[in-house]
Amino acid sequence: MNLLEIKNLTKVYSQGGLLSRIKITAADNVSFNMKPAEIFTLAGESGCGKSTIAKMILGFETPTSGHVIHKGKKQKEIRNRKAWLEQGIQAVFQDPFGTFNPLRQVERYFFESIQNFKLADTKDAAIELINKKLSAVGLKYEDMAGRYPNEFSGGQLQRISIARSLLTDPDLLIADEPVSMVDASLRMSIVNLFKQLRDEYGVSVVYITHDLATAYYVSDRIAVMFRGNIVETGSVEKVLMEPKHPYTRLLRDSIPQADPQKKWKDTITLGELEQDEFLRAGCKFAGRCPDVMDICRQKAPEVLNVDGVQVRCHKWNGI
Amino acid sequence: MTILKTEQLRAYYVLDMMGTKKEVKAVNGIDLDIKKNEVYGIAGESGCGKSSLLKSLYGLIEPPLRHIDGKILYNINEEEVDVFSLSQEETRKLRWEYISYVPQGSMSVLNPVTRLEETYRDFLESHVPAKSKNEIFELAREHINKLGLPQKTLKAYPHQLSGGMRQRVTIALAAILKPEIIIADEPTTALDVVVQRGVVQLLKEVQNELNNTIILVTHDMGVHANIADRIGIMYAGKIVEEADTETIFGAPKHPYTRYLINSLPQFGDKSVRKSVPGSPPSLDKLPDGCSFNPRCPHAKGRCFERVPEMVEVNNGHRVACWMEN
Amino acid sequence: MKIFRLFKDLFRDYRFAVSACVLCVLLVLAVLSIFAPNDPALWDVAPKDEAPSFTHLLGTNSKGQDVFWEATFSVRNSLIISVIAGSVSRLIAVIIGMVAGYRGRKTDTFLMFISDSLLVIPLFLIIVMLALLIREYMNLVTLGLLLALFGWAWDARVIRSIILTLRERDFTYTAVLSGTGTMRLVFNEYMPYATPLVFSTLINNMSWAIGLEITLAILGLVNMDIPTLGTTLQWAISKQAILLGYWWWILTPIVLSVLLFIALYWLSVSISEYLDPRSRIQRVGGA
């Protein structure tokens with residue numbers, strides 16, 4: 001059975017003033033499934049809709065249409081936000097220093113979680129539980145007791161944030177750019193944690209990122225998003241090693257490789273305004289696609305199944 | 001030929017907080033020798049003093065940052081000039097014409113309420129002697145064209161451009177007076193990967209065309225691998241290793257550099273990567289001896305007692321580690 | 001211990017030290033009113049119009065009252081009015097600001113319409129009119145509440161805007177993910193950002209209330225039998241104290257008011273500097 005099903009999820013925002021109101025489809029008919037104990041990457045650049053999807057899964061944004069189904073239950077049918085999260089959904093955010101209120105001690109969030117979700121009866125039991133979760137991320141309660149967010153390094157705080165999310169024993173963790181604000185030298189300690197959570201605790205992770213190198217390293221499957229659409233879905237091996245969609249290729253080739261032998265050779269032309277691409281009829285990538293054809297500008301491509309990978313591109317039509 | 005040199009440069013933040021004095025050793029004895037016509041990369045984690053070093057190199061040491069000791073020497077027309085001997089007026093003159101600066105957030109240099117062509121004009125008028133308005137616009141247009149930016153950007157306000165476009169305009173502005181040195185502080189950090197590639201590409205084009213020097217600070221080793229000729233690895237206010245890019249990536253000596261390089265994931269390779277253990281030290285409470293000793297698996301004996309000096313282990317490859325000494 | 005350190009930090013600022021001392025003296029004065037030999041409303045309990053002497057420290061007035069003991073009552077009563085006005089209006093401002101900021105949409109529009117209306121109408125005239133209407137019921141509490149009703153609008157707006165920016169911060173989501181309900185969330189997460197404002201404006205609001213009370217008293221719109229800084233001044237003026245050269249009578253309320261205003265002003269400046277979230281974060285980091 002699928003742990004999480006996203007069915008035709010769409011979110012439309014209105015933008016602009018009274019006279020020139022335009023509609024931006026931040027997420028356009030997005031569907032994907034997740035199995036238990038799987039790391040699924042949602043990749044793309046800023047403004048591609050990946051964070052909107054995360055917020056809708058968490059119930060922080062209401063979808064314009066479509067469904068989020070977790071363990072067979074539809075989000076719309078659950079009475080409130082807390083009950084939805086109690087089903088086993090938690091999240092980790094991008095900026096560890098923004099995750100916690102700078103004026104409050106970090107441990108307060110742990111005790112509040114325990115109190116609100118009734119995870120322990122006594123203070124000792126609560127501390128024991130906190131210690132258990134912190135040890136999973138390589139920390140102890142004493143490291144955290146009585147301290148404020150700015151007394152930690154970014155890497156430490158992000159691990160604390162992960163420990164907090166584990167308190168309720170979730171089976172689904174939404175990680176929105178969890179390492180982009182963490183120093184490169186400490187990044188892998190966070191990324192490795194997600195692997196450990198999957199392998200040891202059976203937690204599924206929606207790993208949202210623009211960094212395809214860590215996505216390749218950590219995840220099982222990947223969906224690449226562009227301007228609200230998923231353009232390619234499949235196993236990371238297939239999608240990242242042999243990209244089918246021209247956008248996936250561009251994105252992958254634009255990651256600077258930490259190897260002086262693999263420098264960028266060809267130059268690229270940068271795209272037009274974000275808004276133009278959102279409003280484009282036909283394929284949204286047509287404006288800067290190297291393989292663009294006439295049909296791309298007229299008709300939005302359908303999802304095709306090519307070699308076990310789902311691609312949204314006219315190029316593969318009839319092959 | 002050396003274009004910029006520092007000798008045992010030290011600059012600390014001296015803070016007085018509610019009666020307790022605090023010294024943050026942001027730049028703690030740095031020797032640099034940056035050549036003409038190279039891209040010199042400085043890498044390090046946040047809080048290691050990279051930005052303070054850049055500010056110092058730019059001659060912009062302002063309280064609470066204080067110059068403690070050491071020299072910064074610019075090579076202006078084959079003549080060594082000590083930056084600290086110059087008057088404020090003289091350093092200001094050098095800016096943009098000899099050395100220019102690309103900050104991380106491009107919004108801070110572009111005036112949000114004027115069109116970019118006005119910014120260009122103000123800027124050129126104060127630096128280029130007596131030119132008519134049309135000539136100046138012509139110059140700006142030519143410049144923008146050469147860098148492959150669309151003409152209409154000149155008519156736009158900064159907020160109308162995307163982050164990547166703004167950052168490219170900032171780079172274009174920094175390059176317009178053909179400075180000998182361009183300092184770039186994390187110029188691509190907030191940008192998307194594709195845009196980042198465009199910005200790095202532009203930096204490279206600028207450098208090729210002007211034959212000048214770029215000092216690039218970023219924590220992204222991938223960017224360094226792509227653009228830098230030489231790299232200095234900075235840790236806790238010091239340069240701990242310096243070599244050409246191939247050597248840094250191919251044969252790093254310092255344990256910190258090794259961790260840094262080995263922690264980077266690569267396509268097609270799923271083998272386990274490990275982070276640098278522990279956390280960076282805070283610059284006001286440095287450990288005795290080598291600053292890296294609490295995180296170093298090889299630390300022993302003198303690592304805890306004395307600070308290792310930079311030594312040259314190979315041609316142009318310098319390391320500050322007792323293992324190599 | 002925490003309180004002790006707080007005061008030690010605050011006393012480093014000379015403005016805080018001076019104003020706290022002045023306020024202490026004034027408070028002692030107010031407390032002394034308990035030991036007053038006579039009811040302050042009674043006339044002719046002392047010889048009239050005597051200059052300061054050992055028996056009457058600040059002399060006596062034309063109503064046959066001791067100026068010193070009258071002053072203790074007037075300081076006490078003015079402080080009571082200002083505390084009522086200040087704290088009640090803070091309470092209104094916090095509740096309205098927080099509800100408007102967190103709820104948003106129609107609630108926000110409605111509440112902000114009320115506060116904007118209060119900001120644009122000529123407040124003073126309305127207060128004078130209302131004071132005329134309820135003149136019969138005028139005592140310390142009603143006057144305090146009347147002033148409270150008109151002193152919250154601006155601060156409610158500021159608190160609302162603080163909440164609006166905090167609502168978008170990630171830690172709001174962290175609190176939701178920790179299962180924290182709306183009321184607790186607003187109180188725990190947002191209150192620390194609003195408290196500095198509440199404290200510094202509390203003090204400002206108190207001095208505003210004292211000032212307005214004096215104005216209303218001089219216009220004769222309050223109960224003249226209750227000695228306050230305003231009524232004492234009004235009696236001195238109406239009994240021609242200036243012309244007759246009874247300087248002790250008129251100077252006492254003036255000097256006391258000025259001291260009170262300066263002390264409150266410095267107190268508010270130094271406290272708001274101390275409580276500013278930005279400097280607070282730095283201090284937490286330094287500890």
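These exercises, each with a worked solution, treat a predicted model. Local features in it need pLDDT of at least 70 (pLDDT being the predictor's confidence in each residue, from 0 to 100), side-chain atom pairs count only at pLDDT 80 or more, and totals for chains, interfaces and linings use all residues. Residues are numbered from 1 along each chain as its sequence is written, while chains are lettered from A in the order in which they are written.

**Exercise 1.** Find the strands that pair with strand 1 of chain A.

*Solution.* Strands are DSSP runs of E, at least two residues long, numbered from the N terminus, and two strands pair if DSSP finds at least two bridges between them. Begin with strand 2 (residues 22–34) of chain A, which runs antiparallel to strand 1 (residues 4–15) of chain A and is joined to it by 9 bridges; here Leu4(A) has Met34(A) as its bridge partner. Then turn to strand 4 (residues 65–70) of chain A, also antiparallel to strand 1, with 5 bridges, where Glu5(A) is partnered by Ile69(A).

**Exercise 2.** Describe the side of chain C that touches chain A.

*Solution.* Count first: chain C gives 17 residues and chain A gives 23 residues to the contact (C-beta atoms, placed from the backbone, within 7 Å). Next, locate the elements of chain C that give two or more residues, namely helix 8 (170–177), helix 9 (182–218) and helix 13 (277–286); helices are DSSP runs of H or I with at least four residues. Of these, helix 8 of chain C gives the most, with 6 residues.

Key. Contact = placed C-beta atoms within 7 Å.
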